[in-house]
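Dear colleague,

I am handing over the structure we spoke about, which you will find just below. Please look through it first, and then read on for an account of what was found in it.

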Amino acid sequence: MARRLPLAIIIVALLALNAGTAAAQINTEQVMTIGRNALYFEDYILSIQYFNQVIQQKPYLPEPYFYRAVAKISLDDYSGAESDASQCIEINPFIKDAYRVRAVARHNTKKFEAAIDDYKTCLQMRPDDPDIMLNMAMCELALKNYSTADSCLSWCLERDSTSERACLGMAQLCLEQNDSVGALNYVTRCINSHKNNPQAYLARCEIYTNYLKDYNKALEDIDEVIKLEPSNAGYYINRSYLRYQINDIRGTMADLDYAIAIAPNNVTAHYNRALLRSEVGDYNKAVEDYDFVLEHDPDNYPAFYNRTMMLINIGHYQQGISGLNAMLEKDKDDFVALYQRAMLYIETRQYQSALRDLNSILSKYPKFESGYMLRAQIKQRLGDKRGYEKDLETAVAVMKTKGVHYSSFNPVDLEREHSQEIHNKRAQQHLDKQEQEAQRQREMMDGSLEESVEEVKKRFSQLLVVDVNNELKPEVALESDGLYDEKAGHRRYRNKTRGFIQDNQVEVQPQGVFSLSYYGHDNKLNGRTHFMKEITQVNELHVLTSSLTLVCGTSNLSELEARSRFNSVDYFNGLLATGTVRAIDYFGRAMDYFLLKDVDAAIADAGRAIDANSDFVLAYFLRFNARMEKLQLDGATHTEHGDGDEGQALLSRRAREVALSDMASDLGKIIALSPRNIYAHYNLAYVQALMGEGDAAIASYSRAIELKPDLGEAYFNRALIYLQFGDKEKGIADLSKAGELGILPSYNILKRMTR
């Protein structure tokens with residue numbers, strides 16, 4: 001993987017290109033200078049907005065595309081960076097660093113051959129640059145061009161025999177060619193020169209563990225890694241495995257406990273701890289860990305089987321029976337499970353069920369004397385005297401035939417091996433599935449395999465259901481901006497619009513609908529406001545108590561603002577009491593009710609305004625807004641209190657369908673009256689998405705974008721639908737554009753969908 005573009009390279013680029021804007025006008029020069037300053041101080045989002053302004057005024061200048069590409073690289077928007085760097089090169093093919101930026105972008109999106117072409121162009125301009133040669137070597141290695149990769153890495157080592165990246169690259173090359181001794185030598189050379197490189201210790205630990213089986217030396221290396229990066233749960237899991245290999249049970253348990261303390265949702269740590277707890281006889285706690293594993297991985301057969309056995313061991317027979325039921329549903333030939341279930345049925349006095357299982361057992365093994373005796377006891381307890389006597393007689397006859405005086409045969413002894421084969425087969429199927437998934441992940445990482453539509457859908461759905469409490473952790477509060485975070489590998493800022501904002505976890509949800517308001521809260525990053533001709537027309541009449549504006553989302557009023565709205569309601573009450581019916585007065589009172597969250601009254605007054613003037617576009621818009629807010633409030637109520645019985649849930653779903661249909665009808669009327677109303681198309685798309693009409697929503701968002709190409713909210717919401725459909729390419733492109741237009745959550749989602 002190519003590393004983040006070094007800050008030194010960016011600074012060189014800034015200096016190299018500084019002379020290129022000399023011919024620009026003063027205003028453009030000032031904006032470019034401010035943008036470059038913002039970029040230097042890691043204010044990437046703000047810098048993009050400045051470069052957008054320059055591009056909008058002078059799209060023929062190459063520099064703003066270059067700088068914007070650098071900003072996007074820093075935000076992990078590699079597709080957007082590649083596009084901007086290509087545009088810069090198309091305008092001016094002699095800007096050297098544009099090729100470098102594009103190469104890094106292509107490298108990170110697994111376009112290795114295209115990245116190599118750009119790296120070669122860079123080397124023509126800078127033939128002695130080791131960083132470029134190293135990056136090119138990594139691309140060649142990813143393409144399994146081992147000879148070329150070896151030449152590139154050897155070139156680097158000739159110039160710097162202790163180069164960390166070159167030594168580790170050579171080690172990787174050796175491992176891929178099954179030369180573990182050569183790999184060990186290169187990694188050791190790296191460690192001798194760079195004692196604080198955790199990747200080098202990890203690489204050597206892997207060699208000792210997987211190739212040389214020297215667990216003690218592997219432990220020494222993983223200990224060094226943990227000293228350097230003590231907050232990584234995976235390292236403790238790895239060390240627990242090594243400690244187990246040398247029979248350090250106490251140390252193994254301590255590492256697994258600590259790994260779970262750091263990462264409570266780590267399934268591997270819980271599974272390994274469950275196995276260890278089972279081994280030391282702590283069955284109750286083992287069951288707790290297996291419960292956790294199955295909650296997160298329901299198809300994990302080994303965990304399911306082990307949990308069932310643990311439940312039986314600790315006397316939770318009914319839960320054990322449920323587990324055995326599931327095992328027999330998956331494989332009816334599991335005789336041992338059948339026998340165990342029969343014994344548990346007897347233990348729990350479920351005699352009819354036990355009788356059915358014993359009938360099955362005896363039909364397969366008619367010479368099983370103990371089975372007849374067990375069945376006789378059950379029939380006796382059920383009051384079946386004749387059946388009891390018959391089974392006893394049969395048991396005695398079988399023993400006489402065998403020439404024994406007591407039961408000496410148990411079919412479980414014969415079937416145990418077969419049942420174990422069944423469990424091993426199912427466990428192997430699970431392991432194979434995991435390995436196949438891991439292999440697919442490796443192939444996707446090295447660029448040899450694209451994610452399928454279903455995989456994109458699955459990845460996106462996982463983002464939607466992520467546990468906010470455990471996964472979306474806020475940053476540690478900083479006493480001052482710009483402190484360096486060693487774990488993150490860069491500085492962090494209290495200002496959430498500055499620095500590497502792609503690392504700020506966000507909840508994946510669409511941007512809200514556009515609403516009428518008296519209180520604007522525009523996007524301060526891009527400075528854009530939203531205009532609607534009908535709003536301007538009403539404001540120019542000066543008939544409302546405040547000027548209308550358009551906002552994305554809803555407004556929460558301050559105490560002073562709420563008091564003002566109550567006064568406005570009184571004002572319109574006085575006007576309407578005169579008997580002169582005016583649509584605008586009903587509309588004005590509806591606006592006040594809407595902002596005061598009295599949505600039912602707002603809907604009623606908006607309807608009265610429409611009755612008075614059926615072409616009143618803003619009245620339809622306001623009624624839609626009030627209906628949307630009512631839907632959200634009703635949804636919050638149902639979530640908090642539950643929907644009760646199934647009938648009530650059905651009524652709630654039906655009410656939601658009717659509400660969405662009414663909202664779509666209002667927006668359809670607006671579009672009929674004002675076909676170029678951008679925000680009606682956008683809001684209609686939002687409603688269509690809620691109705692499950694994804695294709696229609698995409699069409700409506702596309703129409704809004706056609707009418708207003710800088711509507712970032714539409715790009716963002718359309719991206720979410722594309723990703724939901726599994727169309728990664730279009731989704732990523734829209735997220736990149738939305739981020740460029742100042743929709744900050746785009747970068748975190750983009751990073752999580754492409755890593």
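Because the angle between their axes is over 145 degrees, helices α9 and α10 count as roughly antiparallel to each other. Please bear in mind that this, like everything that follows, comes from a predicted model. The two helices, α9 spanning residues 146–159 and α10 spanning residues 164–176, have axes that come within 9 Å and cross at roughly 155 degrees, and the crossing is left-handed. On the α9 side the contact involves Tyr146, Asp150, Leu153, Ser154, Cys156 and Leu157, which meet Ala166, Cys167, Gly169, Met170, Leu173 and Glu176 of α10.

As for the chain as a whole, it holds 37 helices and four strands, and of its 755 residues 48% count as buried. Among the contacts with a separation of 6 or more, 59% are accounted for by residues 24 or more positions apart.

Some caution is needed over confidence. The protein chain averages a pLDDT of 83, and 84% of the residues score at least 70. Over residues 1–26, however, the pLDDT is below 50, although this stretch has 49 contacts in the model beyond near neighbours in sequence.

Returning to the helices, a second pair is formed by α28 (residues 559–577) and α29 (residues 583–595), which pack at an angle of about 155 degrees with their axes 9 Å apart. These two are therefore also roughly antiparallel to each other, and α28 passes α29 in a left-handed crossing. In α28 the residues concerned are Arg565, Ser568, Val569, Phe572, Asn573, Leu575 and Leu576, and they meet Ile584, Asp585, Tyr586, Gly588, Arg589, Asp592, Tyr593 and Leu595 in α29. The residues of this contact divide into eight nonpolar, three polar and four charged.

How are α4 and α6 oriented, roughly parallel or roughly antiparallel? Helix α4 (residues 63–74) and helix α6 (residues 96–108) pack at an angle of about 30 degrees, with their axes 10 Å apart, and that angle makes α4 roughly parallel to α6. Their crossing is left-handed. The contact is made by Phe66, Ala69, Val70 and Ile73 from α4, together with Asp97, Ala98, Val101, Val104 and Ala105 from α6. Here the residues divide into eight nonpolar, no polar and one charged.

Tyr339 lies in helix α20, which covers residues 335–347, and with a relative accessibility of 15% Tyr339 counts as buried. Leaving aside residues up to four places away in sequence, Tyr339 touches Ile361, Phe368, Asn410 and Val412. Tyr339 and Asp357 are 18 residues apart in sequence, and their C-alpha atoms are 7.3 Å apart in space.

The other residue is Ser746, which lies in helix α37 (residues 745–754). Ser746 is buried, with a relative accessible area of 0%. Again not counting residues up to four places away in sequence, Ser746 touches Phe716, Leu735, Ala738 and Gly739.

Note on methods: Residues numbered from 1 in each chain as written. Predicted model: local features only at pLDDT ≥ 70, side-chain atom pairs only at ≥ 80, totals over all residues. Heavy atoms only, no water. pLDDT = per-residue confidence, 0-100. Contact = heavy atoms within 4.5 Å. Axes fitted to C-alpha atoms, helices over the stretch in contact; angles between N-to-C directions. Parallel < 35°, antiparallel > 145°, perpendicular 65-115°, else oblique. Left-handed = near helix turned anticlockwise from the far one by under 90°. Buried < 20%, exposed > 50% of the residue type's maximum accessible area, 1.4 Å probe, protein only. Nonpolar A, V, L, I, M, F, W, Y, C, P; charged D, E, K, R; others polar.
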